[in-house]
Amino acid sequence: MINHMTLFFFVFFLHLLIFVASNDQLGAIEPKNEIKVNNFSVFKYQDGRIQGIDAPEKLTDPQKTNILKLMNFNEQEIEKMDTQFKDLLLKDGGIKVDTVTTDKVHIYTDLNGKDHIVTDKNREEINKLRQEELKKSNGEVSPLGVNNGIYSGYGTSVYKGKTSNGVEYIYTYHNRFYFNERPNYTYLDTIGHSWQTNATPKNSTGEYYVQNLALRSDFGFKSIDQSSLTGTKAEVDLRALTGQHIGTLTTEVRIPVSDQGKTAAFASAYAHAHTNNLINMALGVAGITFGSQPGDKWG
């Protein structure tokens with residue numbers, strides 16, 4: 001059963017005009033300027049993009065931070081990134097699209113299928129309800145407690161350039177989730193993002209790993225569903241391991257050059273199941289609808 005409530009999570013409006021070369025520059029664009037970043041050479045294209053870096057893991061933290069700033073990421077965004085995500089962005093290159101985020105929401109769905117929108121005012125009340133239901137579903141409270149507030153997630157979009165025939169712009173959508181310690185429940189979670197009708201998806205990839213001190217254990221996603229033209233969704237098999245649980249769903253999309261100067265919407269969401277019932281996710285046009293299965297749903 002799909003809940004009737006359609007939630008527009010992390011909606012981004014892509015100002016295509018900002019980072020796109022004018023029509024008379026749509027030929028092959030070679031690196032225009034060499035920029036020295038802490039004694040490391042970075043190449044910047046005419047349209048503002050930064051050329052991808054072959055081995056970003058060899059860079060120092062200050063070098064990575066300064067190059068990400070050249071890619072239009074601000075300090076607050078960079079502070080939220082772990083090392084692996086920084087390296088992924090630096091290797092791909094490009095330039096972050098200026099965005100506006102709307103309708104960001106956290107919903108807790110109880111064991112009866114009732115939705116509760118979590119706010120600062122009712123957060124403690126919802127925590128108590130979640131703890132009582134934890135006793136019902138698991139028989140006892142986890143040694144880790146309720147673990148409220150350990151999740152964070154965000155989406156971002158990067159402009160990568162144009163196709164070789166010059167008729168489409170290439171964008172990459174990243175949907176990132178992060179648990180700063182092991183969650184109470186380690187069932188199948190769902191993650192997804194969707195976009196407007198003028199975007200054509202080309203490829204989706206996913207990574208999921210657990211970082212415990214210096215040890216990283218990679219698991220990937222259980223599945224990635226690319227059957228929809230308006231979005232991608234995936235299943236994440238969370239592991240009952242101590243450490244930080246981190247993952248990213250990435251999709252490359254193409255947008256026609258004829259849409260230059262228009263805006264485009266991108267929605268992303270994450271659902272953390274509290275039972276072994278997978279939380280359903282239906283992808284619409286720049287919108288996502290969740291099922292009524294119990295759990296926490298963010299967007």
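**Entry 1: the pair D296 and R130**

I looked up D296 and R130 in this predicted model and found that their side chains meet in a salt bridge, 2.9 Å from N to O. I use the term for a side-chain nitrogen of Lys or Arg within 4 Å of a carboxyl oxygen of Asp or Glu. The pair links distant parts of the chain, with D296 in strand β19 (residues 295-298) and R130 in helix α4 (residues 123-138), 166 residues apart. D296 and R130 are both buried. I call a residue buried under 20% relative accessible area, exposed over 50% and partly exposed in between, with a 1.4 Å probe and protein chains only. My helices (H or I, at least four residues) and strands (E, at least two) are DSSP runs, numbered from the N terminus.

I note the basis of these entries: residues are numbered from 1 along each chain as its sequence is written, and side-chain values use heavy atoms, with hydrogens and water left out. As the model is predicted, local features need pLDDT of at least 70 and side-chain atom pairs count only at pLDDT 80 or more, whereas totals for chains, interfaces and linings use all residues.

**Entry 2: other salt bridges**

I recorded a count of 11 salt bridges. Side chains of opposite charge can pair when their charged atoms come close.

I next looked up E207 and R176, whose side chains form a salt bridge at 3.0 Å, N to O. E207 lies in strand β11 (residues 200-212) and R176 in strand β9 (residues 168-179), so this pair ties together parts that are 31 residues apart in sequence. Both E207 and R176 are buried. Salt bridges with shared partners join D82, R176, E207, R216 and D218 into one network.

I then turned to R123 and D120, which meet in a salt bridge at 2.9 Å, N to O. R123 is partly exposed, at a relative accessible area of 29%, and D120 is exposed, at 69%.

**Entry 3: the protein as a whole**

I noted four helices and 19 strands in the protein. Of its 299 residues, 49% count as buried. The protein exposes about 13800 Å², of which carbon and sulfur atoms supply 48%; accessible areas come from the Shrake-Rupley method with a 1.4 Å probe, and for residues only the protein chains shown count as cover. Among contacts (heavy atoms within 4.5 Å) between residues at least 6 apart in sequence, 70% join residues at least 24 apart.

**Entry 4: strands and their pairing**

I treat two strands as paired if DSSP finds at least two bridges between them. I traced six strands that form an open, antiparallel sheet in the order β5-β8-β9-β15-β11-β12. Its edge strands are β5 (95-96) and β12 (215-218), each of which pairs on one side only. Within it, 11 bridges join β11 to the antiparallel strand β15 (residues 244-256), and T200 stands opposite R254 in β15.

Helix α3 (residues 83-92) lies across β8 (151-162), β9, β11, β12 and β15, and runs at about 175° to β9. For such angles, axes are lines fitted to C-alpha atoms, for helices over the stretch in contact, and the values run from 0 to 180 degrees between N-to-C directions.

I also looked up strand β10 (residues 188-195), where seven of the eight residues are buried. β10 pairs with strand β14 (residues 231-237) in the antiparallel sense over seven bridges, and T190 has E235 in β14 as its bridge partner. β10 is also joined by six bridges to strand β16 (residues 265-273), again antiparallel, with I191 opposite Y270 in β16.

**Entry 5: nonpolar cores**

By a nonpolar core I mean a set of buried Ala, Val, Leu, Ile, Met, Phe, Trp, Tyr and Cys residues joined through side-chain atoms within 4.5 Å. The largest has 16 residues, and those with the most contacts inside it are I67, L68, M71, F73, M81, L89 and L90. The elements that give two or more residues to this core are α1 (61-70), α3 and β8. The most comes from α3, with three residues.

I checked L89: leaving out residues up to four places away in sequence, L89 touches L68, M71, F73, M81, V158 and H174. Another core, of 14 residues, lies apart from the largest one and includes V236, L238, L249 and W298.

**Entry 6: P201**

I located P201 in strand β11. P201 counts as partly exposed, at 22% relative accessibility. Beyond its neighbours within four places in sequence, P201 is in contact with W195, S228, L229, T251, E252 and V253. P201 and Q226 are 25 residues apart in sequence, and their C-alpha atoms are 8.4 Å apart in space.
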